[in-house]
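Here is a short report on one protein model. It moves from the whole chain to a few selected sites.

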Amino acid sequence: MGAIILVVCFLSGYVYIKTSKHQQHLTSREDGHRYYFRCGYRGFLFCLFAVLTAFILDYFNLPSAFLKHTNWTTIERLIGPTWKLKPGEYRNIKYFLISFLAVPYAVIWANICNLFRNAERSDQIVLERIGTSLEKYLSELGNSYKTVLITLNSRKTYVGIVKNTALEAGEVQYIKLLPILSGYRDEKTLNPQFTTNYFEHYSNNLNDQGDPNDNNGAKLEDFVVLLPVAEVNQIGQFNIDTYRQFIGQDPLSEGTQQVIGTGYSTSINV
């Protein structure tokens, strides 16, 4: 009996974690004993609810009242000659069946959590608990719409705005970026040299909703690029005024300066 209850305990915990979106995020990078412990702990709580249910049923004698109301049979017949069950055997069967209530309890509670949990707050909790320094940095940039400069291992560079990064399946592998400028770092000085001005195209060919003015061609979202994290050499905030002071070049028009973020010197190596 104890082994069966232990199995039910882990089973209900596993069902809860697989049904709850929040728990799926938290456990996406866990394996081995940590994952088993999480399943066992959550399942133990649901088994306690099942035991509480059994106590309430016994205290108010609800099974007997239900059987009497339906005129089907009585508890006395169940434990008497009809079913040939002794009181001890009846009690074991009762608690065996009650223990399986932990599984539907797990499903119900997981769906309640999915219904009422704020997705944005849930993502923030996941980020705080299991996010890497890069993921936290990308989340901060994405929420603040600050412009960043990303340099790849090939010396290819992008200036753009980071889009929201999903954390569902393990560590982030791609950076989702809306480019404003692109170019390369000079081989000798490693200073950014910009060759493509996306913002000028956006200003001249797209409306405020990001759709083409003539309804032909690419939309704003079509310019979003995915940059593999494995290919990223450096990422940092970019400011056009600070860039001019350091480099002495102005790759953007006056109107473009309004979209550039602050903090050109802030960066991290990947």
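The sections below cover the basis of the model, the chain as a whole, a sheet region, a salt bridge and a helix residue.

## Basis

This is a predicted model: local features need pLDDT of at least 70, side-chain atom pairs count only at pLDDT 80 or more, and totals for chains, interfaces and linings use all residues. Residues are numbered from 1 along each chain as its sequence is written, and side-chain values use heavy atoms, with hydrogens and water left out.

## Whole chain

The protein chain holds 11 helices and 7 strands. Both are DSSP runs numbered from the N terminus: helices are H or I with at least four residues, strands are E with at least two.

Of the 270 residues, 37% are buried. Buried means under 20% relative accessible area, exposed means over 50%, and partly exposed lies in between (1.4 Å probe, protein chains only). The chain exposes about 16700 Å², and carbon and sulfur atoms supply 56% of that area. Areas come from the Shrake-Rupley method with a 1.4 Å probe; for residues, only the protein chains shown count as cover.

Contact means heavy atoms within 4.5 Å. Among contacts between residues at least 6 apart in sequence, 62% join residues at least 24 apart.

## Strand β2 and its partners

Pairing requires at least two DSSP bridges between two strands. β1 (residues 147-152) runs antiparallel to β2, with 5 bridges. T147 has I161 in β2 as its bridge partner. The two strands form a hairpin with 3 residues between them, and R155 in the turn has a positive phi of about 75°.

β2 and β3 are also antiparallel, over 7 bridges. Here Y158 stands opposite S182 in β3. In β2, 6 of the 7 residues are buried, so the strand is largely enclosed by the rest of the structure.

## Salt bridge

The count is 1 salt bridge, defined as a side-chain nitrogen of Lys or Arg within 4 Å of a carboxyl oxygen of Asp or Glu. K163 and E221 form it, at 3.3 Å from N to O. K163 sits in the loop between β2 (156-162) and β3 (174-185), and E221 in the loop between α10 (198-205) and β5 (225-228), so the pair ties together parts 58 residues apart in sequence.

K163 is partly exposed, at 25% relative accessibility. E221 is partly exposed at 46%.

## Y16 in helix α1

Y16 lies in helix α1 (residues 2-19). Its relative accessibility is 7%, so Y16 counts as buried. Beyond its neighbours within four places in sequence, Y16 contacts Q23, R42, F46, A106, W109, A110 and C113. Y16 and C39 are 23 residues apart in sequence and 8.1 Å apart in space, C-alpha to C-alpha.
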